[in-house]
Amino acid sequence: MSIQEKVKINKLPTGVPGLDEIVGGGLPEFSFNIIAGAPGSGKTTLAHQFVFANATPERPALYFTVLGESAIKMLRYQQQYTFFDPAKLPGSIRFINLSQVVLEKDLGAVLEQITKEVEKSNPAVVVVDSFRTMVRKPQSDMDLQSFIQRLALFLASWQATTFLIGEYAEDELRDNPIFTVADGLFWLRQTAERNSIVRKLQIIKLRGQDSVPGLHTFRITDAGVQAFSRTFGLTGHVKNAPSHRRLSFGITELDKMLGGGVREGDSVLIAGSSGTGKSVMATQFIAEGIRKGEPGIVAVFEERPQAYAERATSLGLDLETPQKDGKLTILYLRPLDLSVDETMHSILDAVKKIGAKRLVIDSLAGFEMALSPGFRADFRESLYRMIFALTGIGVTILSTVEVDESFTEFPFSTYSISFLTDDIIRLRYVSIDGQLRKIMVVIKMRGGNHAKDIREYEITSKGVVILGKRLTNYQGLISGIPVRTDRPDSTEETLQDTGIKRKL
Amino acid sequence: MRELARRLLAYEAVAGKTSELGEAATLRVYEKLRQSLGEFVGVAGFQSLAFRALTQAKSEAPSLWAVRLAADGSLQGLEEFKPQPGEFEPQLGSGKDQASEGGAALIARLLGLLLIFLGEALTLSLLRDAWPDIVLDDRGSIHGRKA
């Protein structure tokens, strides 16, 4: 058989944002699927989204309800979701209650009733919610298996894509013969981690389709279920070729230290203790990008966007106008139960929307705090995936991280994430001549040469300003407690960007 | 809601070739609702709604005193639209009027419950499906502000 003769499996939209990518482009047409999970895990909502996305008057959806949630209550609650279109009922979506048959008769009668309705309506989609309640009566598992086997055969013949919804606990997953019948098995989990609720879904199997393995976080909002793929929606995206373009920081002397600026597509880390100017430098970086026609995103976790923009104004940087012009988005992300995937989704949406070239994450500590406790354990791994994904599409990322000021050590980051970054700029306090001054040094620059100089800087009304030449008359600067050497002081030098004179 | 109920009763009176909005029209409207709702809420679900509606309707239309529900949710005793024993019939109007008002009260209460539980949009969708020839196109229709 040649490749042209192979059957083509159509993919149906799931109606769940993010899920199409996870299942490999859409749900296989005519597949027989089971959605399993504990009560409250979002099974019914997910099925409803699929139904509303695919039902038409010509090929309607039949939604069989059995025992459990009353149909009228279910519709009362489900219609609160934005995907719920009442006009589709009952022409395109018919809800049929099987409680009476289940209570009074056996599974054979249930199958007969379903068969009758399917023959009458010729549906494209069939849902049985919840099929497991049908065996609360004294019937064996074999009865249910036989019922499902016959139902699967019948519905496949009628070219219907089917969802059976069932309440299952985690330990029931193994060796359950019912699951062998299904083409697709969707498992929804909901766990409490300290005070946060974390929802995850897993495609345990999906015949004929290359689904994304692993656990994907999802959230239920007024728009229904929204899934966040571990691949951040970038499956199949070709990684951008490395760029040799340099991006200016907006701080002339720092650009020189970086050999002309940050390489486009790099991940830059600015590490320093509180008050050293990390956020100021980040703001200058994003403002300079906007000035050069490179839209930017700032993800803030520790202050509101308005406060962030106002602080920029005090540095003479206008972040209000570019926001209005669609050149800048300041994302405030702090629900305390975020997943990295969800955060990434917000960032990627913003990146796509404004064509962002620069991204500031201010700060990694705030980012970590915004995550639910369970995700904090995976923070490094998540950061790796996030940075890899974003730099892969050509975005230059600048992250700030607070490090404890130590006078015996010189740590780059408390997260041991230095390996994730291409460039590291370290800021720190030093005690000089009875003053607590600030120095910066470029620690690392992957793929490029950089200055080895340790430079003193100040935070002025124009932002971070690097002073004079490198500090040559001190030893042990990075210890924070340098010792003045015999080398003569530098002569008075003009502050590079301000015109202020100061004796170093 | 009472106005909408009357519209449905009037429609079914014509469809049933009777000029009165009494027993026959009430039964036709009620049965259509029972079929339509029973499909998705189940027999027990419909029976519960109907029982509540009947209880409410009886408080405002005493002529329904003899009406009761069967286990399948169907109406029984509707033919006995009449004043309660001891009531002075002339004060209550004619038997036909009472039947008409009793039927309208019951249907209105049932529609009212649907409106409470399912909301306007979904209730209208269901009614449009059951009565495709009746124009139910805006809030006025369901709230009785538009004939």
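Which residue does A:Phe218 stand opposite in E11(A)? The legends below take up this question and then move on to other parts of this predicted model.

View 1. Let us start with the opening question: A:Phe218 stands opposite A:Ala227 in E11(A). Two residues separate E10(A) from E11(A), and the two strands form a hairpin.

**View 2. An open sheet of nine strands in chain A.** Reading across the sheet, the order is E16-E15-E17-E18-E14-E19-E20-E21-E22, and the pairing is mixed. Strand E16 (328-332) and strand E22 (463-466) of chain A are the edge strands, each pairing on one side only. On average, neighbouring strands of this sheet are turned by 25° against each other, direction ignored.

**View 3. The E22 edge of the sheet in chain A.** Here strand E21 (residues 454-460) of chain A runs antiparallel to E22(A), and four bridges join the two. A handy landmark is A:Glu458, which has A:Val465 as its bridge partner in E22(A).

**View 4. Helices H12 and H15 of chain A against the sheet strands.** H12(A) lies across strand E15 (296-300), E16 and strand E17 (358-362) of chain A. The helix runs at about 165° to E16(A). Helix H15 (residues 379-392) of chain A packs on the sheet too, where it touches strand E14 (267-272), E17 and strand E18 (396-402) of chain A. The direction of H15(A) makes about 150° with that of E18(A).

**View 5. Helix H12 (residues 340-354) of chain A, end to end.** Why does the span of this helix agree with expectation? At 1.5 Å a residue, its 15 residues should span 21 Å, and the end C-alpha atoms are 21 Å apart, so the two values agree. The buried residues of H12(A) include A:Val340, A:Met344, A:Ile347, A:Leu348 and A:Val351. Among them are also A:Asp341, A:Glu342 and A:His345.

**View 6. The contact between chain A and chain B.** Chain A brings 16 residues to this contact and chain B brings 15 residues. On the chain A side, helix H3 (71-78), strand E5 (93-97) and helix H4 (99-104) each supply at least two residues. H3(A) gives the most, with four residues. By class, the side of chain A that touches chain B has nine nonpolar, six polar and one charged residues.

**View 7. Chain B on its own, with four helices and two strands.** Follow the chain from the N terminus and the elements run α-α-β-β-α-α. Chain B has 147 residues, of which 41% count as buried. Among its contacts between residues at least 6 apart in sequence, 56% join residues at least 24 apart.

**View 8. Confidence along chain A.** The average pLDDT of chain A is 86, and 88% of the residues score at least 70. Among the elements of the chain, helix H2 (residues 43-54) has the highest mean pLDDT (97) and strand E25 (residues 493-494) the lowest (44). Over residues 491-504 of chain A the pLDDT is below 50, and this stretch has 26 contacts in the model beyond near neighbours in sequence.

Conventions: Residues are numbered from 1 along each chain as its sequence is written. Chains are lettered from A and ligands numbered from 1 in the order in which they are written. This is a predicted model: local features need pLDDT of at least 70, side-chain atom pairs count only at pLDDT 80 or more; totals for chains, interfaces and linings use all residues. Two residues are in contact if their C-beta atoms, placed from the backbone, lie within 7 Å. Ala, Val, Leu, Ile, Met, Phe, Trp, Tyr, Cys and Pro count as nonpolar, Asp, Glu, Lys and Arg as charged, and the others, Gly among them, as polar. The expected span of a helix is 1.5 Å times one less than its number of residues. A residue is buried if 20 or more other C-beta atoms lie within 10 Å of its own, exposed if 12 or fewer, and partly exposed in between; C-beta atoms are placed from the backbone. Two strands pair if DSSP finds at least two bridges between them. Axes are lines fitted to C-alpha atoms, for helices over the stretch in contact, and angles run from 0 to 180 degrees between N-to-C directions. pLDDT is the predictor's confidence in each residue, from 0 to 100.
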